[in-house]
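I opened my notebook to look into one structure. My plan was to go through it piece by piece and write down what I found.

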Protein chains: 2
Amino acid sequence: MLLFRTLAIISASGVAIAFALALAVAPVQAQTEAHSELHSTYIDRAGAILGHALTSDTAYETLGELCDQFGHRLSGTPELEDAIDWCAERMREFGLQNVHKEKVLVPTWVRGEESASIVVPRHHELTILGLGRSVGTPTNGIEAPVVVVDSYEELEAIGETAVLGKIVLYDVPFTSYGETVAYRSRGASEAAKLGAVAVLVRSVGPKGHDTPHTGALRYAEDVPQIPAAAVTVEDAERLHRMVDRGTEVVVRLLMDAQTLDDSVSYNLVGEVVGSELPDEIVVVGGHIDSWDVGQGAQDDGAGCIISLDAARIIQHLGLAPRRTLRVVLFTNEENGLRGGEAYLAAHEDELDNHVALIESDTGNGLASGFRLDVREAAVPEDAEDPEAALEELKQVALANLNQLASLLAPLGANQNILAYGGADISPMVKLGAVGLGMHHDTTGYWPIHHTPADTFDRIVKDDLDRNVAIMAIAAYVLADMPGRLIPRAR
Amino acid sequence: MLLFRTLAIISASGVAIAFALALAVAPVQAQTEAHSELHSTYIDRAGAILGHALTSDTAYETLGELCDQFGHRLSGTPELEDAIDWCAERMREFGLQNVHKEKVLVPTWVRGEESASIVVPRHHELTILGLGRSVGTPTNGIEAPVVVVDSYEELEAIGETAVLGKIVLYDVPFTSYGETVAYRSRGASEAAKLGAVAVLVRSVGPKGHDTPHTGALRYAEDVPQIPAAAVTVEDAERLHRMVDRGTEVVVRLLMDAQTLDDSVSYNLVGEVVGSELPDEIVVVGGHIDSWDVGQGAQDDGAGCIISLDAARIIQHLGLAPRRTLRVVLFTNEENGLRGGEAYLAAHEDELDNHVALIESDTGNGLASGFRLDVREAAVPEDAEDPEAALEELKQVALANLNQLASLLAPLGANQNILAYGGADISPMVKLGAVGLGMHHDTTGYWPIHHTPADTFDRIVKDDLDRNVAIMAIAAYVLADMPGRLIPRAR
């Protein structure tokens, strides 16, 4: 039963049939055999890409100039727009075709002046970064006693009596980004429901050096919008210790943050047009916007340059993939995701022609493979058992991806997993497109994520060059190989 | 010859004679034998001290309250004076005798508002901390092109033509504090000699997270005093990269820094009065002032509490040392050393009665032993060959200290070396007193030294408790044992 359904699903591609058959019957041995065909077809070209990537300075220099010339690039700033135009010039210089910008209206959140300090029992400045999308305080600030909780459970337990009129501090140690970010995203509204007047959130990341991490919050509907700022781990723990000793601690918070009218920004697109199947598309990309601190070097200058340089190398080597390789530098990932949504709106009619969308947006640590993201919408509408069909589809796609990955084994990047692909590509993935997220080593990423320390000096050139090679080889083979990872759903 | 001179020098102490003889004849074996006497005399008391230190929360809680209640404690602030009074209360509470303050006039350097930004080619804020003792800029700031050098040699090589009217950035990577701090201390005056209008110094420490390190500078006489600030490693490297690409970079620096009239502060003194030789003194101490960032937790709250708690434990256990154990919390180490100088002025008549002065001022990393600091003035005036006599004196003192260290072997703290003891005790050491610096593991210290990240949360309780035990055992045995490390010089 498994065998037949799998066969039916992938019948559009001869190579894929062989892979899937193999998968269903005897995965390991069959993968090895199947490897050999794809492997022998592409190993020389993969070698040429790798050799060029490791001997070129272009990716490193381009990222350095992007970071140093424009610095951080928040939606609504001239730095972002100038950086987009500068990247367009690089695309043309690198020989990409159809270089153009696609208009996107983006939120314009402005931090303004901000500060916080303990005022009782005695004055001490706190190191803060207001959270993106937060409202500001009244002009004369908010001054209130602090209550500290270490979870939503504790917030619930102490309840409205303890919270009303107070500033709530969430002192929640970092476990994983996916888990801990819930306090940054929802903390303001959860506290506001109980009558809090403002929120401080322990920075979402490992302890740095009095390093605040900004990032977006999301206000719930029908709950008062209260100001929210990240404090450093050091300050969060200090406030927590003081309150634990029984000290009444009063904090004064001043934030001029406001959201202005939307600004005009752009997704930037450039292509290596396919030689045989130009309407079929492999997207590679990252987001060109950043938070308003540091240089947005790893979040996500790296992802943009990894994508751009992958296309440059394929173009430079004259590899002429059969399908179109499309570089997309998305705007406004950080505080809106308007870039990803606008790409979908502009390209929905060709969505089924997207063979895959590959995103790099977790820094510049050496990638160990890709996170494969296949959703319900990828299952054919007439599937008997959609849930089982999705599971099979995922396994087929993963098996097929693993064939390709044999070419990445010399780079140690052949460990693919099933997981969330990335934010920018998610609107397309939700509608059935195959998403691939470069699975970077994030050891060095979370400590500097959304902080003033996301700077170019932390970019390891050798890792960048290898990531470029990984992206270029994967994208090229996906754009050139006979079949698709999965067939069209509709 | 060596043997006889050594004998002569240490004849004041019977035990010391045995040590020194041993040293001259067969160091290793003799040390082992000599160990056994001191060791068997004190091992039970050392065990009692250790056991109490490791099972007590007092040191950790006292340091936490000091840091959280008063925060940083720059000379001239009420925080410093309130912290001194609070420590005096702790001394009394712990049963110390003769608790009193000794008046010291200290410099009053005020940072004021400060900021710096790249203004050409486009605006970017820089993260700075003005250097202590620096003059401010004119009210409207200083705006000038940046020249970057990586050494005094390069500054000399580019010369006045390149430097005149510019802001000089020293982008000198951290090697060791002793080596790299030269650019913070002298950089302003060296650049001013060539006509620079201001100086930026790459922070003296390993790279943090956009973390500036402040610290004092020293202006040379007869050279214009120009403003100087530390920039972060990230910003230093960014400016360096930009200039290396041929970009003209103009920076705007604003500093309100000024030096006001001296303030009144105090050295804090408390004692466990000696039971047999109360006029002979072992000093233990650290400095209670700090820079105006972070909490001065490791620089040098830790050293103060290690010293204070060592005395508390000796008092608490009723160990009644023969000599007096004196805790001194020095004021104004950071930007003046007035505390150490004032202690000398107040106690010079009893300086020869100081058996040793032990300082802890390199953080709270686990100590591996002590840095023994013996200078020329310790040599008797009638020595035939003062240089040789000093060398012998050092070796005798080290050998004697190593006997004591057998008691610290269970703590891994028996590795003594000959090196600089510490700043606060240096005025006394220069005049012939024996200095001992707790030799802390500084791996975690230099990254946060003089930064906003010198906070209590980084204090490892187990290390603190062990350091207290090491200090208490060493100080107690020095205060109680029959002989001295070296005899009186005069």
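**Entry 1: what kind of model**

I noted first that this is a predicted model.

**Entry 2: helix α4 against helix α13, chain A**

I began with helix α4 of chain A, residues 58-70. I set it against helix α13 of chain A, residues 461-480. At what angle do their axes cross? I found roughly 110°, with the axes coming within 9 Å. Angles of 65 to 115 degrees count as roughly perpendicular. α4(A) and α13(A) are therefore roughly perpendicular to each other. I wrote down that this crossing is right-handed.

Next I looked up who touches whom. α4(A) brings A:A59, A:Y60 and A:L63 to the contact. α13(A) brings A:K461, A:L464, A:D465 and A:V468. Sorted by class, the contact of α4(A) with α13(A) has five nonpolar residues, two charged and no polar ones.

**Entry 3: helix α4 against helix α9, chain A**

I stayed with α4(A) and turned to helix α9 of chain A, residues 297-316. These axes come within 9 Å and cross at roughly 140°. α4(A) and α9(A) are therefore oblique to each other. The handedness of this crossing is right-handed.

On the α4(A) side I listed A:T58, A:A59, A:T62, A:L63, A:L66 and A:C67. They meet A:A297, A:G301, A:A302, A:I305, A:D309 and A:R312 in α9(A). How do the residues of this contact divide by class? I counted seven nonpolar, three polar and two charged for α4(A) with α9(A).

**Entry 4: helix α9 against helix α13, chain A**

One pairing was left to check. The axes of α9(A) and α13(A) come within 8 Å and cross at roughly 60°. That makes α9(A) oblique to α13(A). I recorded a right-handed crossing for α9(A) and α13(A).

From α9(A), the contact takes A:I305, A:I306, A:S307, A:D309, A:A310, A:I313 and A:I314. From α13(A), it takes A:L464, A:N467, A:V468, A:M471, A:A472 and A:Y476. The contact of α9(A) with α13(A) holds 10 nonpolar residues, two polar and one charged.

**Entry 5: where chain A meets chain B**

Then I moved to the interface. I found 32 residues of chain A in contact with 32 residues of chain B. How much area is buried between the two chains? The value is about 2,600 Å², and carbon and sulfur atoms give 43% of it. In chain A, A:D68, A:R122 and A:H209 lose the most area to chain B. Together they make up 27% of what that side buries.

**Entry 6: salt bridges**

I looked up the salt bridge count over all chains and got 54. Across the interface of chain A and chain B there are 12.

I picked out two pairs. The side chains of B:D82 and A:R122 meet in a salt bridge at 3.0 Å, N to O. B:D82 sits in helix α5 of chain B, residues 78-93. A:R122 is in the loop between β2 (114-120) and β3 (124-126) of chain A. The side chains of B:R122 and A:E79 also form a salt bridge, at 3.4 Å, N to O.

**Entry 7: backbone details**

Last, I checked the backbone. A cis peptide bond joins B:V120 and B:P121, with omega about 10°. B:P121 lies in the loop between β2 (114-120) and β3 (124-126) of chain B. The peptide bond from B:D299 to B:D300 is cis too, with omega near 5°. I placed B:D300 in helix α9 of chain B, residues 297-316.

I found A:A320 in the loop between α9 and β12 (323-330) of chain A.

Note on methods. Residues are numbered from 1 along each chain as its sequence is written. Chains are lettered from A and ligands numbered from 1 in the order in which they are written. This is a predicted model: local features need pLDDT of at least 70, side-chain atom pairs count only at pLDDT 80 or more; totals for chains, interfaces and linings use all residues. Side-chain values use heavy atoms; hydrogens and water are left out. Axes are lines fitted to C-alpha atoms, for helices over the stretch in contact, and angles run from 0 to 180 degrees between N-to-C directions. Helices (H or I, at least four residues) and strands (E, at least two) are DSSP runs, numbered from the N terminus. Angles under 35 degrees count as roughly parallel, over 145 as roughly antiparallel, 65 to 115 as roughly perpendicular and the rest as oblique. A crossing is left-handed if the near helix is turned anticlockwise from the far one by less than a right angle, and right-handed if clockwise. Contact means heavy atoms within 4.5 Å. Ala, Val, Leu, Ile, Met, Phe, Trp, Tyr, Cys and Pro count as nonpolar, Asp, Glu, Lys and Arg as charged, and the others, Gly among them, as polar. Buried area is the accessible area (1.4 Å probe) that two parts lose on being put together, summed over both. A salt bridge is a side-chain nitrogen of Lys or Arg within 4 Å of a carboxyl oxygen of Asp or Glu.
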